[in-house]
Amino acid sequence: MKYLPIVLLSFAGALSAQESIPKDKLHIYILAGQSNMSGRANVAAEDRVIPKNLYLFDANGKWVPATHPFIQYTNVPNAADIRVIKANGKNGLNFGLTFARQMLEANPDVAIGLIVNSQGGSKIETWKKGAKGSNYDKTLERVKQAQATGVIKGVLWHQGESNQSMGAQYLEPLKTVIEQFRTDLGDPKLPFVAGQLAPLPGQKDVIATFNASLRTLPELVPNTGVVRADDLSGKDIHFDAADTRTMGKRYAEQVLKLQGK
């Protein structure tokens, strides 16, 4: 551990930190799905305090200090994602910030690298490997590029608003997505955590059925977790800032549980 003080100093640096962080000290998480993973909430003052050892994987294949919006480097944006990116951090709060804060609190001697590659409005069919214009294939390109720099520790998934009518049938294509990541990244036990949908009153029954089905995922696929959302406000299909922060913390709780911490 002689290098630890140097590592901590380099975490506070900018682009040069990429070469200074030992591979086993850079914990990488993939954030994929649709608009709630992209982030649609307003960014408040409390959200502008970002850990110095939190990085985003940019469009040039480099780790850069995290800034809002975390979705800014996705290679599969839709029109709404692009509008968020052009707003330069006024909105676009996603789960990544409070997730990373919790993970760093549990692992203070590491850096966290996020690969945020979601697409607003995307259906799960677009996340199938080999599909025309596959979001998964484009995401994997970025992940493979980053894999040499650190250790991929898990996948955070939030998708389903565009497939909510599938109910229990959603689990089969979701299992396929999980298998794709685990096979292509060479980790059959890679932690995978999926989040429930916001409980909209106007679609109460459909969303309740979807969320109840999603809750059974750990029974069907080992080393997976589910983030509860059915007790949140349900004001809109997109989580507000308070609920976004809560969801990020819950993602961390599930990941830590799967990691045995």
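Histidine 27 is in contact with Val110, Ala111, Ile112, Gly113, Val151 and Lys153, residues up to four places away in sequence being left out of the count. The structure described here is a predicted model. Histidine 27 belongs to strand 1, which spans residues 26-33. With a relative accessible area of 10%, histidine 27 is buried, because the limit for a buried residue is under 20%. Between histidine 27 and aspartate 137 the C-alpha to C-alpha distance is 22 Å, and the two are separated by 110 residues in sequence.

Two helix pairs were examined. Packed helices are described by the angle between their axes and by the distance between those axes. For helix 5 (residues 96-106) and helix 10 (residues 241-258), the axes come within 7 Å and the crossing angle is roughly 40°. The two helices are therefore oblique to each other, and helix 5 and helix 10 form a right-handed crossing. On the side of helix 5, the contact involves Thr98, Phe99, Gln102, Met103 and Ala106. These residues meet Thr244, Arg245, Gly248, Lys249, Tyr251, Ala252, Val255 and Leu256 of helix 10. Sorted by class, this contact of helix 5 with helix 10 comprises seven nonpolar, four polar and two charged residues.

The second pair consists of helix 6 (residues 135-147) and helix 7 (171-184). Their axes come within 12 Å and cross at roughly 30°. Helix 6 and helix 7 are therefore roughly parallel to each other, since angles under 35 degrees fall in that class. The crossing of helix 6 with helix 7 is right-handed. Helix 6 contributes Tyr136, Leu140 and Lys144 to the contact, and helix 7 contributes Gln180, Phe181 and Asp184. Of the residues in this contact of helix 6 with helix 7, three are nonpolar, one is polar and two are charged.

Helix 8 (residues 204-214) has buried positions at Ile207, Phe210, Asn211, Ser213 and Leu214. These residues lie on the same side of helix 8, because the arc they cover around the axis is only 160°. In an α-helix, with 3.6 residues a turn, residues three or four places apart point the same way. Lys204 and Asp205 are exposed on the other side of helix 8. The cover over the buried residues of helix 8 includes helix 7, strand 8 (192-195), helix 9 (217-220) and strand 9 (224-227).

When neighbours within four places in sequence are set aside, the contacts of glutamine 164 are Leu197, Gln203, Val206, Ile207 and Phe210. Among these contacts, Ile207 and Phe210 are themselves buried residues of helix 8.

The peptide bond that joins histidine 68 and proline 69 is cis, with omega about -5°. Asparagine 78 has a relative accessibility of 23% and counts as partly exposed. Apart from residues up to four places away in sequence, asparagine 78 touches Arg40, Gln119, Gly120 and Gly121. The separation of asparagine 78 from leucine 56 is 22 residues in sequence and 19 Å in space, C-alpha to C-alpha.

Positive phi values in residues other than glycine are found at asparagine 88, where phi is near 55°, and at asparagine 223, where phi is about 60°. Asparagine 88 is part of the loop between helix 4 and strand 5 (91-93), and its relative accessible area of 65% makes asparagine 88 exposed. Asparagine 223 is placed in the loop between helix 9 and strand 9. With a relative accessible area of 27%, asparagine 223 is partly exposed.

Key: Residues numbered from 1 in each chain as written. Predicted model: local features only at pLDDT ≥ 70, side-chain atom pairs only at ≥ 80, totals over all residues. Heavy atoms only, no water. Buried < 20%, exposed > 50% of the residue type's maximum accessible area, 1.4 Å probe, protein only. Helix = DSSP H or I, 4+ residues; strand = E, 2+ residues; numbered from the N terminus. Arc of directions from axis to C-beta. Contact = heavy atoms within 4.5 Å. Axes fitted to C-alpha atoms, helices over the stretch in contact; angles between N-to-C directions. Parallel < 35°, antiparallel > 145°, perpendicular 65-115°, else oblique. Left-handed = near helix turned anticlockwise from the far one by under 90°. Nonpolar A, V, L, I, M, F, W, Y, C, P; charged D, E, K, R; others polar.
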